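Visitor: I would like to go through the terms used for this structure and see what stands behind each one.

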Amino acid sequence: MLRERILTAIVAAALILLVLFVFPAPAARAVIAAIILAAAWEWAKFLSLTGVAARLCYVAAIGALLAAATWLTPSPAATEIILKVGLAWWFAALIWVFFYPTPIARPIGWICGALVLVPAYIALVSLYSLKPEALLFALIIIWAADSGAYFAGKRFGRVKLAPNISPGKTWEGVIGGLVAVVLVLVAARFYWVNLDIAVIVPFCLAVATLSVVGDLTVSMFKRNAGLKDSGRVFPGHGGVLDRIDSVTAAAPLFALGIGWAGLV
């Protein structure tokens, strides 16, 4: 299992580097959109849309929202509004996970899927358009939090984080993920010599913390639908949503705060 996870992660990282630094910009944006639409296909399963036509309808609805958001986002004000709506959703989701299990009506699930996916798409495209390195750095922070949590949780995990949602996650894992983020930032200090550690550390720790909320929220919808994984695309990792759940929550905050944090 661990070997599969590592091999899949290596291949995925190589493909991401290829997309960010080799593909032309329109192709890179198309890949980001394709990933989000693949996640929408998996989200449709959370809504008990088991038929191909019904799931495609949901994907088409999300695609239309992505197109509308793309049309609006040449305006910095519109981009900021979409990102802030996404951020507000994730703070609401943080409160929601404390009350799980709760019934989730299908119309609510439709709306939640849009709130998860559309702001994430705008955040990822905005970071890429700003600078591919900015998007890569955001992903590294999120991956560090995820990997640190996985290994620390395996080794030291005792106190359950949200047993009704994700029994395998522990507070020790969360702490391990945050420690991993700090170590990444210490290493980054050698690249960005003018980086203000007093600003960047709390900012990236907030991003990493919100990534945990994304993971828990998607897990909540999976549990509500009676699913263990969102799909089987990645050996050892599950589906697309299983891989980007943390990214969907963390990316809007990173995109909103990157200028304030002094990364550009």
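Guide: The lining of the largest cavity divides into 6 nonpolar residues, 2 polar and no charged. This is a predicted model, in which local features need pLDDT of at least 70 and side-chain atom pairs count only at pLDDT 80 or more, while totals for chains, interfaces and linings use all residues. Residues are numbered from 1 along each chain as its sequence is written, and side-chain values use heavy atoms, with hydrogens and water left out.

Visitor: What makes a residue nonpolar, polar or charged here?

Guide: Ala, Val, Leu, Ile, Met, Phe, Trp, Tyr, Cys and Pro count as nonpolar, Asp, Glu, Lys and Arg as charged, and the others, Gly among them, as polar. The lining consists of Ala145, Ala149, Gly173, Val174, Gly177, Leu178, Ala208 and Val212.

Visitor: What makes a space a cavity?

Guide: On a 1 Å grid over the protein atoms alone, a cavity is a set of points where a 1.4 Å probe fits but cannot get out; lining residues have an atom within 4 Å of a point. The search finds 1 cavity of 30 Å³ or more. Its volume, the space filled by probe spheres set on the points, is about 30 Å³. H7 gives the largest share of the lining, 4 residues.

Visitor: How do you know whether Cys57 is buried or exposed?

Guide: Buried means under 20% relative accessible area, exposed over 50%, partly exposed in between, with a 1.4 Å probe and protein chains only. Cys57 has 52%, so it is exposed, whereas Cys112 has 4% and is therefore buried.

Visitor: Why is the pair of Tyr58 and Trp110 called edge-to-face?

Guide: Rings of Phe, Tyr and Trp (its six-membered ring) pair if their centres lie within 6.5 Å; planes under 30 degrees apart count as stacked, over 60 as edge-to-face and the rest as tilted. By this rule there are 9 aromatic pairs. Tyr58 and Trp110 are 4.9 Å apart centre to centre, with 90 degrees between the planes, so the pair is edge-to-face. Tyr58 lies in helix H3 and Trp110 in helix H5, so the pair ties together parts 52 residues apart in sequence.

Terms used
1 Å grid on protein atoms, 1.4 Å probe; cavity = no way out; pocket = protein on both sides within 12 Å on 5 of 7 lines; lining within 4 Å. Helix = DSSP H or I, 4+ residues; strand = E, 2+ residues; numbered from the N terminus.
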